[in-house]
Amino acid sequence: MGGINSMSQAMQLHARVVKLGEDDGSSHSPDFSNLFTFTALSAAGDLNYAARIFRTIRTTSNSYYCNTMIRAYADSPDPTRALTLFLTSSAARPDHFTYPFLLKACSKTRHTRFGKQVHGLALKSGLGSNVYVNNALIHFYSVSGEPCRAFKVFDKMPERDVVSWTSIIDGFVDNGRPLEAIALFTQMMGNGFDPNEATVVSVLRACADAGALTTGHKVHSFVKKNSFSSEANVITALIDMYAKCGYIDGALRAFYETLDKDVHIWTSIIAALASHGLCTKAIEFFANMTKTDIRIDERTVTAVLSAYRNAGLVSEGFLFFTSLDKKYKLKPTIQHYGCIVDMLVRSGLLNDAEEIIRTMPIEPDAVMWRTLIWGCKIHGDAERSERIVQELLKMEISEAGSYVLLGNVYAETGKWKEKAKTRELMAQRKLTKPPAWSRIEIEGQVHEFTAGDSRHEEAETIYRKLNEMEERLRREGYEPKVSEVLLEIDDGEKASQLLHHSEKLAVAFGLVKARKGSVIRIVKNLRSCDDCHSFLKLVSKVFQRDIVVRDRVRFHHFKDGKCSCGDRW
């Protein structure tokens with residue numbers, strides 16, 4: 001910036017500017033502007049020093065200085081200072097640079113109300129059609145959890161650029177609406193806009209979330225044609241997309257085709273292999289990574305611990321965990337402790353898991369207690385389960401999952417009144433259980449099903465196929481695990497509810513529509529229940545079809561009546 005590379009040079013220039021009387025901003029001196037810009041915006045600058053210079057500026061006609069300080073504060077660890085400066089400054093009127101910086105600060109601090117007021121001010125200033133302001137508004141509303149408002153801004157834009165499209169696509173992905181994000185990407189391409197690196201990463205995230213493998217393949221082809229293949233963040237997104245779409249061979253191919261691999265690429269492939277049950281291979285990849293000059297990070301540790309956890313290698317996983325500080329100079333995070341607790345719970349070591357939670361140096365969160373309660377359910381430790389429930393109730397729980405689990409614990413022991421009270425508490429706190437859904441891609445189109453879904457245009461065919469499947473499986477010894485339905489209804493109704501779970505509907509649709517002999521790939525948002533797991537193992541055997549299911553925890557590769565998870569999930 002103007003030949004300045006360090007604060008010592010900046011201070012020397014400042015002394016010269018003061019000596020020449022050019023230090024109040026009124027003379028529009030290039031040296032003064034360069035000095036101010038360097039101290040405010042450069043990584044080698046000093047924001048506090050810039051603030052002291054700013055306070056000496058007498059001119060109020062030039063918005064550059066105020067905008068630069070707002071921008072610098074918005075990028076700082078304390079973005080609220082950008083908002084404070086805007087409210088207290090008597091500098092020039094805000095312009096099309098001011099509002100994007102302010103909205104960035106509002107996005108980072110989650111000041112939704114203030115951001116909406118900034119939106120109103122921008123409209124009053126006649127900047128409602130400015131592309132930079134609107135791009136910032138799209139990002140702000142997306143981060144604030146209001147994608148509909150973001151889309152309203154996007155839809156009214158008279159002029160859009162690639163940032164506009166990327167922002168709205170990214171916003172829909174972040175807000176759990178990947179199918180709409182993919183549709184927008186298709187529309188973007190149809191309108192003649194060339195995606196940039198950020199767009200590619202966003203749409204690959206959408207494909208990963210939706211299980212849209214066909215679209216992911218097309219994006220990969222675009223990446224190869226447009227020389228994005230050397231970008232580490234694009235490769236990481238490709239590996240993640242292929243893995244989450246259930247195509248681990250594609251993830252491995254993307255990894256092997258990359259010559260310059262960074263920590264994120266290595267971590268993504270280790271995590272992918274672990275989630276697919278290829279845990280030994282994941283650990284081998286980690287060993288190869290440690291032979292390079294790349295330093296592992298916290299996410300790498302989580303991926304490796306996941307491999308040990310999924311493989312049931314308790315001793316090896318614990319040995320790796322205890323070596324983090326000494327061998328890798330890393331302090332365990334709450335995610336790492338969570339992996340260890342989950343690993344112990346899955347192996348039935350409930351005493352050890354509880355001791356870890358109670359003695360760890362970090363405050364345990366609700367997820368850890370839920371993991372332990374789930375383990376109690378799996379391993380039949382009702383006494384510990386009820387005791388831990390009381391621990392969980394003492395916490396300020398702000399998400400629905402914990403209450404659902406508590407209700408299930410009460411239902412399993414026949415305490416229906418307590419379960420009802422848990423539901424009432426959820427209602428009081430305005431918490432709702434996310435509906436279970438499963439997605440399947442057929443000929444490039446993603447179809448979504450919920451439990452008992454009858455909205456699909458081919459619902460009649462799907463239910464007919466499902467009934468046929470049940471009849472054939474019952475002849476092979478299938479019996480619905482009605483204990484999975486924690487409601488006060490008879491066993492016949494419970495069996496009917498189980499049969500209509502979302503992944504069973506998706507698999508039935510796949511058997512009807514997918515090309516004969518092709519792998520049926522399902523993506524679901526919750527953990528698979530025991531009945532569905534047993535059902536799909538039998539389907540893979542009786543119907544001779546490979547089925548890959550991604551649930552909230554891991555992948556399940558069903559083949560010839562067996563599952564890759566070894567019934568550990």
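**Notebook: aromatic rings and charges**

I began with tryptophan 374 and found the charged end of arginine 527 over its ring, 4.1 Å from the centre. The model I am reading is a predicted one. I then looked up phenylalanine 154, whose ring has the charged end of arginine 160 sitting over it, at 4.0 Å from the ring centre.

Next I turned to ring pairs. I describe a pair of aromatic rings by the distance of the centres and the angle of the planes. How many aromatic pairs does the count come to? I get 23 aromatic pairs.

I took phenylalanine 255 and phenylalanine 285 from these. Their ring centres are 5.5 Å apart and their planes stand at 50°, so I logged the pair as tilted; an edge-to-face pair would need over 60 degrees. Phenylalanine 255 belongs to helix H15 (residues 248–256) and phenylalanine 285 to helix H17 (residues 279–290), so the pair ties together parts 30 residues apart in sequence. Are these two residues buried or exposed? Phenylalanine 255 has 3% relative accessibility and counts as buried. Phenylalanine 285 is buried as well, with a relative accessible area of 6%.

I went on to phenylalanine 321 and tyrosine 337. With ring centres 5.1 Å apart and planes at 75°, the pair is edge-to-face. This pair links distant parts of the chain, 16 residues apart: I find phenylalanine 321 in helix H19 (residues 314–322) and tyrosine 337 in helix H21 (residues 334–346). Both phenylalanine 321 and tyrosine 337 are buried.

Last, I checked for a cluster. Which residues form one aromatic cluster? I noted Phe32, Phe36, Phe54, Tyr64 and Tyr65.

Terms used:
Residues numbered from 1 in each chain as written. Predicted model: local features only at pLDDT ≥ 70, side-chain atom pairs only at ≥ 80, totals over all residues. Heavy atoms only, no water. Phe/Tyr/Trp six-rings, centres within 6.5 Å; stacked < 30°, edge-to-face > 60°. Helix = DSSP H or I, 4+ residues; strand = E, 2+ residues; numbered from the N terminus. Buried < 20%, exposed > 50% of the residue type's maximum accessible area, 1.4 Å probe, protein only. Lys NZ or Arg CZ within 6 Å of the ring centre and 35° of its normal.
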